Amino acid sequence: MRTRYLFPHWSRYLGWLLVFVHIPIMLIKKMLVGEHYEGHAAGDTGFFTSDHLFFIATALFMAIGLFLVAFSKEHIEDEQISQLRLDSLQWAIYVNYGLLILTLIISNDRVHILFLNMWVPLAFFIVRFRWKIWQLNRLLKKEESQA
Amino acid sequence: MTNNIRVERAIKNITQAELAELIGVSRQTINTIESNRYVPSTILALKIARVFNKPVEEIFKLEKED
């Protein structure tokens with residue numbers, strides 16, 4: 001029904017690919033550079049240095065990946081799915097701002113707060129949305145096994 | 001709001017999946033409407049009524065709380 005502003009269904013798989021490619025690359029980089037890697041090497045704030053390019057290739061790929069996973073169409077995109085989407089978005093915004101306020105109060109680490117903010121709303125949205133769809137499927141299976 | 005889609009389906013002898021296909025929604029949506037967990041939009045209610053050839057009020061009924 002209202003399927004505007006959503007990516008095609010296949011982009012979900014592309015999204016997962018980007019997310020899962022990001023994890024091993026990030027871990028290897030952290031092992032090489034040390035625990036305190038945050039996108040820029042100490043004192044290095046230039047654009048398009050190797051660290052900056054690496055930052056683009058990992059953190060942003062993960063964000064784009066989560067974005068594609070979150071906003072790709074379902075096989076059958078009907079009005080109930082639209083409603084679940086909106087509900088989940090509302091929850092994601094609540095959680096995000098709750099966490100944002102909490103971290104701003106208890107922490108001074110702006111870089112990590114920004115990082116958290118980049119993926120928490122998307123990750124929470126995905127988990128909540130998929131959980132609700134899983135519940136619907138379980139309900140259907142239960143009905144079918146009774147019938 | 002209550003509905004008697006289950007009864008109407010039995011009369012017409014179609015499954016949830018067939019009804020879902022006829023009006024272009026998922027089986028899950030038909031299932032949640034039938035079990036009163038989801039209130040369909042007016043458009044969807046009218047489409048369901050059209051499948052059963054009946055006015056909407058004969059399929060969906062308001063309850064006291066509504």
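**Notebook: chains A and B**

I started with where the chains meet: ten residues of chain B are in contact with nine residues of chain A (contact means C-beta atoms, placed from the backbone, within 7 Å). The model is predicted, so I kept in mind that local features need pLDDT of at least 70 and side-chain atom pairs count only at pLDDT 80 or more, while totals for chains, interfaces and linings use all residues. Residues are numbered from 1 along each chain as its sequence is written, with chains lettered from A and ligands numbered from 1 in the order in which they are written.

Next I asked which helix gives the most to chain B's side. I found helix H3 (residues 27–34) of chain B, with five residues; helices are DSSP runs of H or I, at least four residues, and strands are E runs, at least two, numbered from the N terminus.

Then I turned to chain A. Helix H1 (residues 11–33) and helix H2 (residues 50–70) of chain A pack at about 150 degrees, axes 7 Å apart. Axes are lines fitted to C-alpha atoms, for helices over the stretch in contact, and angles run from 0 to 180 degrees between N-to-C directions. H1(A) and H2(A) are therefore roughly antiparallel (angles over 145 degrees). I noted contact residues including Trp16(A) and His22(A) of H1(A), and Phe54(A) and Phe61(A) of H2(A).

Last, I checked the UniProt record: its unreviewed entry puts "domain: HTH cro/C1-type" on residues 5–59 of chain B, in the numbering used here, though annotations may be inferred rather than shown by experiment. Over residues 5–59, I read 69% helix and 0% strand for chain B, with end C-alpha atoms 6 Å apart.

Definitions and conventions:
Parallel < 35°, antiparallel > 145°, perpendicular 65-115°, else oblique. Contact = placed C-beta atoms within 7 Å.
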